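Opening the notebook on a new model today.

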Amino acid sequence: MLDIKKLLVDKPETLRTKLEQRGCPPDTLHRLRELYEPFRTLIHRRDELNARRNRESHEIGALMKAGQKDEAESRRIAVRELGDQIGKITPELSEAEKRLHEFMLTIPNLPHDSVPVGPDESANQEIKRWGTPPQFDFKPLDHVELGNDLRILDIERAARITGARFAILRGLGARLERALINFCLDLHTQPFNPETKLHGYEEVWPPLIVNDRTLIGTGQLPKFEDDLYRLKDVEDVSMELDAQKTTPRKYYLIPTAEVPLTNIYAAETLEGSRLPIKMVAYTPCFRSEAGSYGKDTRGLIRQHQFDKVELVKLTRPEDSYDELESLTRDAEAVLEKLELAYRRVALSTGDLGFSAAKTYDIEVWLPSQNTYREISSCSNCEEFQARRAMNYLRFSRSPNSKPEFVHTLNGSGLAIGRLWVALLENYQQADGSVVIPEALRPYIDGLELIK
């Protein structure tokens with residue numbers, strides 16, 4: 001969530017332009033002000049009435065001590081009338097605050113000044129390339145053909161069990177998935193190297209089910225509920241209640257480990273000396289992928305259930321863009337060790353995710369498509385998610401300093417299914433076998449070839 005004071009006070013023309021670059025209607029700031037002004041008026045009126053009531057109550061106490069009981073009683077009547085006025089304002093104020101808050105939740109993060117300006121992915125900018133795509137003296141197969149021939153991938157039976165866009169990995173296909181997960185986790189949990197500034201993450205095993213408040217914190221709700229799998233039969237009225245003990249929580253399967261990891265310290269004020277906090281987690285992820293039917297749906301490219309190793313950082317504001325660079329390098333290191341060609345792309349204002357201020361996409365080479373395809377998005381959300389988190393996510397530079405919002409960062413390190421795809425396609429041989437890259441062999445009992 002953005003700072004409402006910044007939106008309504010700081011350089012409105014600049015902010016209006018940035019919001020339009022994110023696809024917001026031109027009247028967004030006007031609509032925000034229309035909601036904010038009555039809320040501010042009611043706050044002012046309530047505070048004024050409370051101040052008068054407090055003064056009157058204090059004076060009543062003085063009158064009672066002076067023995068002026070009749071005068072004190074008449075003043076009590078006035079105090080009760082003030083209380084009635086406050087009581088009438090309270091529901092109006094609550095409704096005005098609710099409308100304002102709900103609107104604020106729909107406004108995306110502002111893009112960083114370094115983000116390329118453009119309406120969509122056509123304005124993305126390539127930053128660098130690493131490695132050389134393989135050259136084949138035969139027509140390369142895609143991962144579905146390879147997986148079927150090697151009997152390690154079964155799409156047809158998965159569809160029979162569940163439905164479209166699910167997969168079964170079998171035999172060496174399942175072992176390869178497990179090997180890639182462990183390879184990524186071991187790499188990212190290596191001690192931090194001060195020379196390369198790589199890795200040094202704490203491994204976390206988070207819940208796969210989260211409540212609605214957690215998803216609001218990272219920005220998936222309310223805007224993207226259609227992309228989530230909601231568990232409609234486990235809404236708990238008796239145990240999981242909000243702070244007022246009145247509203248049952250709603251539960252969802254996680255779309256990414258970013259959601260639970262980012263919210264681990266929600267409602268806490270961290271000691272500044274602890275930052276940056278760096279966490280890594282492997283989890284299955286679940287997405288309905290609403291609106292993407294017919295797009296990239298062959299094989300493992302865009303599944304409803306997929307494995308991912310996720311990187312999350314909580315940092316000081318002044319360090320967050322340096323930490324974004326190192327987080328992106330952490331993700332790229334996976335591809336470099338597996339010797340898979342990739343490129344880094346800076347997303348444009350029109351292609352940024354809802355919560356991101358700046359994002360790099362890492363795209364791996366896929367021979368069957370003769371192009372680079374996304375395998376990781378690494379984003380700096382600045383204080384946007386920390387403001388949305390339950391009771392905020394902040395840090396204190398010293399025991400007596402005013403708490404500040406942390407900056408949150410996240411990135412895939414990497415998407416395991418797409419890494420599985422890239423490995424099969426880039427290391428395929430003319431006879432249909434697949435070479436296991438040397439760095440991965442210790443994770444699969446020294447196996448050199450899937451055939």
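This is a predicted model: local features need pLDDT of at least 70, side-chain atom pairs count only at pLDDT 80 or more; totals for chains, interfaces and linings use all residues.

In what order do the strands of the three-stranded open sheet come? I read off β7-β13-β14, and the pairing is mixed.

I looked at the edges next. β7 (269-271) and β14 (404-405) each have a single partner strand, so one side of each has no neighbour in the sheet. β7 runs parallel to β13 (residues 394-396), and I find three bridges between them.

**Bigger picture**

I checked the domain assignment, which lists domain 1 as 4-104 and domain 2 as 121-450. Taken over C-alpha atoms, the centres of domain 1 and domain 2 are 43 Å apart.

**Eight-stranded sheet**

What is the strand order in the open sheet of eight strands? I get β1-β10-β11-β12-β15-β9-β8-β4, with mixed pairing. β1 (125-130) and β4 (202-203) are the edge strands, and each pairs on one side only. β4 and β8 (residues 277-286) run parallel and are joined by two bridges. Here I noted Glu202, whose bridge partner in β8 is Met279.

α12 packs on it and touches β9, β11, β12 and β15, with a direction about 40° from that of β15. α10 (residues 320-337) lies across β1, β9, β10, β11, β12 and β15, and runs at about 5° to β15.

**Helix α7 and its two partners**

How far apart are the axes of α7 and α12, and at what angle do the helices pack? α7 (residues 172-188) and α12 (residues 416-426) have axes 10 Å apart and an angle of about 115°. That angle makes α7 roughly perpendicular to α12. The crossing of these two is right-handed. From α7 I listed Gly173, Leu176, Glu177, Leu180, Ile181 and Cys184 in the contact; α12 brings Ile416, Gly417, Leu419, Trp420, Leu423 and Leu424. Sorted by class, the residues of this contact are nine nonpolar, two polar and one charged.

Then I turned to α7 against α10. Their axes come within 10 Å and cross at roughly 125°. With that angle, α7 counts as oblique to α10. The crossing of α7 with α10 is right-handed. On the α7 side the contact uses Phe183, Cys184, Leu187 and His188, and on the α10 side Asp330, Ala331, Ala333, Val334 and Lys337. The class count for α7 with α10 is six nonpolar, one polar and two charged.

I see Cys184 in the α7 list for α12, and Cys184 turns up again in the α7 list for α10.

Where does the chain have cis peptide bonds? One goes from Leu221 to Pro222, with omega near 5°. Pro222 sits in the loop between α8 (212-218) and β6 (251-253). Another cis bond joins Leu275 and Pro276, with omega about 0°. Pro276 is in the loop between β7 and β8.

Is phi of Tyr392 positive or negative? Positive: I get a value near 75°, in a residue other than glycine. Tyr392 belongs to the loop between α11 (384-388) and β13.

Notes: Residues are numbered from 1 along each chain as its sequence is written. Side-chain values use heavy atoms; hydrogens and water are left out. Domain bounds come from an automatic or database domain assignment. Axes are lines fitted to C-alpha atoms, for helices over the stretch in contact, and angles run from 0 to 180 degrees between N-to-C directions. Helices (H or I, at least four residues) and strands (E, at least two) are DSSP runs, numbered from the N terminus. Angles under 35 degrees count as roughly parallel, over 145 as roughly antiparallel, 65 to 115 as roughly perpendicular and the rest as oblique. A crossing is left-handed if the near helix is turned anticlockwise from the far one by less than a right angle, and right-handed if clockwise. Contact means heavy atoms within 4.5 Å. Ala, Val, Leu, Ile, Met, Phe, Trp, Tyr, Cys and Pro count as nonpolar, Asp, Glu, Lys and Arg as charged, and the others, Gly among them, as polar. Two strands pair if DSSP finds at least two bridges between them.
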